[in-house]
Amino acid sequence: MASSSSLSPPQVPMELHVTNREKLLKSLRQHLTDSSRPHHGFVLLQGGEEQTRHDTDHLELFRQESYFGYLFGVKEPGFYGAIDIATGKSILFAPRLPEEYAVWLGEIKPLSYFKEHYVVSEARFTDEIAKVLQEHYQGSGKPLLFLLHGLNTDSNNFSRPAEFKGMDKFDTDLTTLHPILTECRVIKSELEVALIQFANDISSEAHVEVMRKTRVGMKEYQQESMFLHHTYMYGGCRHCSYTCICATGNNSAVLHYGHAAAPNDRTLEDGDMALLDMGAEYHFYGSDITCSFPVNGKFTSDQSLIYQAVLDAHNAVISAMKPGVCWVDMHKLAEKVILESLTRGRILVGNVDDMMEKRLGAIFMPHGLGHFLGIDTHDPGGYLKGLERRKEPGLRSLRTVRELQEGMVITVEPGCYFIDALLLPAMTRSETSKFFNQEMVGRFRGSGGVRIESDVLVTAVGCKNMTNCPREISEIEAVMAGAPWPLKKASANVGNGLERKPQHS
């Protein structure tokens with residue numbers, strides 16, 4: 001069956017970034033008012049720079065720094081952006097390019113192009129930053145610059161504050177901007193949601209194509225290649241949200257498989273499960289989707305047991321999500337549903353509440369249930385000031401412990417894995433060994449794992465699953481046998497993660 005798509009890349013309204021700037025300005029001004037500080041000074045961000053590969057002249061494909069992309073939408077490197085807090089005016093500063101740029105890299109666009117295209121109040125050159133900001137400043141004394149500097153709680157890296165010639169003529173504030181701008185990114189506007197939805201639509205479609213075309217004897221990288229081709233060919237997605245994870249067999253128990261030392265290069269074997277975690281990015285905004293399925297198109301009873309355990313957890317969480325719900329409770333719900341399924345399947349024995357107390361869920365799902373999604377795959381804002389990471393196994397891997405709010409986009413990605421590095425110690429520890437049916441566990445060791453991941457928008461009364469992939473076992477088998485997706489009306493409403501109500505205690 002030839003690939004095709006009903007989708008096409010949407011136009012991106014630059015009003016999206018105008019709205020983002022207005023949102024920041026409103027929040028920042030409110031903070032200054034609450035702190036009895038004047039509404040003077042400038043937000044100043046430095047965009048990303050092109051990077052060469054090590055000591056060569058090979059330029060890596062540029063992708064804009066995320067905070068800068070959020071506020072200004074600029075795709076080119078070397079820019080700065082400022083917002084005048086007093087007037088609300090926005091100023092883009094473009095690099096002054098040499099004449100030879102036109103020979104090798106194309107037309108040198110005038111400042112008027114950047115002003116009109118990116119819908120800013122003014123466009124100037126980067127060598128004019130100090131002069132222009134001095135001219136615009138309406139307060140007394142040195143102008144104040146609010147610079148971006150703060151910790152990313154997912155990477156433990158700090159954002160880089162802007163630097164430019166003439167900074168000694170300004171006062172700087174390195175503490176105010178980062179938490180306010182980060183919180184702005186947590187709640188998505190309708191325009192942002194539309195881009196995330198498109199990234200989900202094209203990525204869901206690509207996952208279905210890969211599922212449909214997977215065959216025993218393929219290489220994992222062929223699955224990756226099919227996904228990348230579809231999202232670029234039909235969605236215009238030149239960037240991926242992250243490095244694709246195409247894990248089959250026992251590789252599916254390697255949580256971040258696909259990296260340079262494990263490069264999606266195994267041959268698919270009959271009886272393998274595939275775990276494909278792949279998401280396209282469109283105009284900075286991303287998706288993060290995982291599908292798990294048997295490479296031969298038919299689930300065995302053992303594969304069905306683990307897959308259904310994860311699907312029931314996925315659906316239980318989505319059914320429970322709404323504003324005010326604590327994400328820690330959602331993680332525990334997912335763990336409990338999986339443990340209950342493993343107990344019914346005789347892999348585990350004993351009382352599930354006792355297992356929860358001993359944190360047995362973290363043996364089978366060592367990662368967190370999900371994370372914020374937006375301009376970054378792991379969008380920031382998971383830990384507000386004063387919120388601390390939990391220290392217990394599994395819970396310490398959570399990327400947020402916040403209560404859900406309308407407008408958040410968060411991934412729901414429960415998993416169940418058979419990882420020897422976790423299983424073997426747990427099966428010998430006195431406080432946990434009693435829960436394991438050693439013979440049954442032995443049957444599943446080496447089989448890898450299952451993860452199901454959807455991107456979910458929190459609404460006023462619940463949530464919306466933005467991902468549209470086959471989820472039920474019957475749906476997956478039908479699609480892999482050649483059925484169209486979505487399935488015809490009789491089964492089209494089954495398994496989208498919203499309607500199905502799993503039974504659990």
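Predicted model: local features only at pLDDT ≥ 70, side-chain atom pairs only at ≥ 80, totals over all residues.
Most residues other than glycine have a negative phi, and most peptide bonds are trans. With a relative accessibility of 70%, S36 counts as exposed.

## The chain as a whole

The secondary structure of the chain comes to 16 helices and 17 strands, and the C-alpha trace spans about 75 × 50 × 50 Å along its principal axes. For 505 residues, a compact globule would have a radius of gyration near 23 Å, and the 25 Å of the chain agrees with this. Of the contacts between residues at least 6 apart in sequence, 73% join residues at least 24 apart.

Buried residues make up 54% of the 505 residues, while the chain exposes about 22,100 Å², of which carbon and sulfur atoms supply 52%.

## The loop between α10 and α11

Two residues that follow one another in the chain, R346 and I347, are both found in the loop between α10 and α11, where α10 covers residues 327-344 and α11 covers residues 352-357. R346 has a positive phi of about 65° although it is not a glycine, and at 52% relative accessibility R346 counts as exposed.

Is I347 buried or exposed? At 0% relative accessibility, I347 counts as buried. Leaving aside neighbours within four places in sequence, I347 is in contact with L305, I306, L342, F418, F435, F436, N437, M440, V441 and F444. One of these contacts, M440, is 93 residues away from I347 in sequence, yet the C-alpha atoms of the two are 5.3 Å apart in space.

## Helix α13 and what covers it

Helix α13 takes in residues 420-428, and its buried residues are L423, A426 and M427. Seen down the axis of α13, these buried residues fall within an arc of 100°, so they line one face of the helix. An α-helix has 3.6 residues a turn, so residues three or four places apart point the same way.

On the other side of α13, A421 and T428 are exposed. The cover over the buried residues of α13 includes α12 (361-364) and α14 (438-444).

C291 belongs to strand β12, which covers residues 289-294, and at 1% relative accessibility C291 counts as buried. Which residues does C291 touch, not counting those up to four places away in sequence? They are H207, M211, A274, L275, L276, R451, C469 and R471. Between the C-alpha atoms of C291 and M278, which are 13 residues apart along the chain, the separation is 8.7 Å.

## A cis peptide bond

W485 and P486 are joined by a cis peptide bond, with omega at about 0°. P486 lies in the loop between α15 (473-480) and α16 (489-492).

Methods:
Residues numbered from 1 in each chain as written. Heavy atoms only, no water. Helix = DSSP H or I, 4+ residues; strand = E, 2+ residues; numbered from the N terminus. Rg over C-alpha atoms; globule rule 2.2 N^0.38 Å. Buried < 20%, exposed > 50% of the residue type's maximum accessible area, 1.4 Å probe, protein only. Contact = heavy atoms within 4.5 Å. Areas by Shrake-Rupley, 256 points an atom, 1.4 Å probe, with all protein chains shown as cover. Arc of directions from axis to C-beta.
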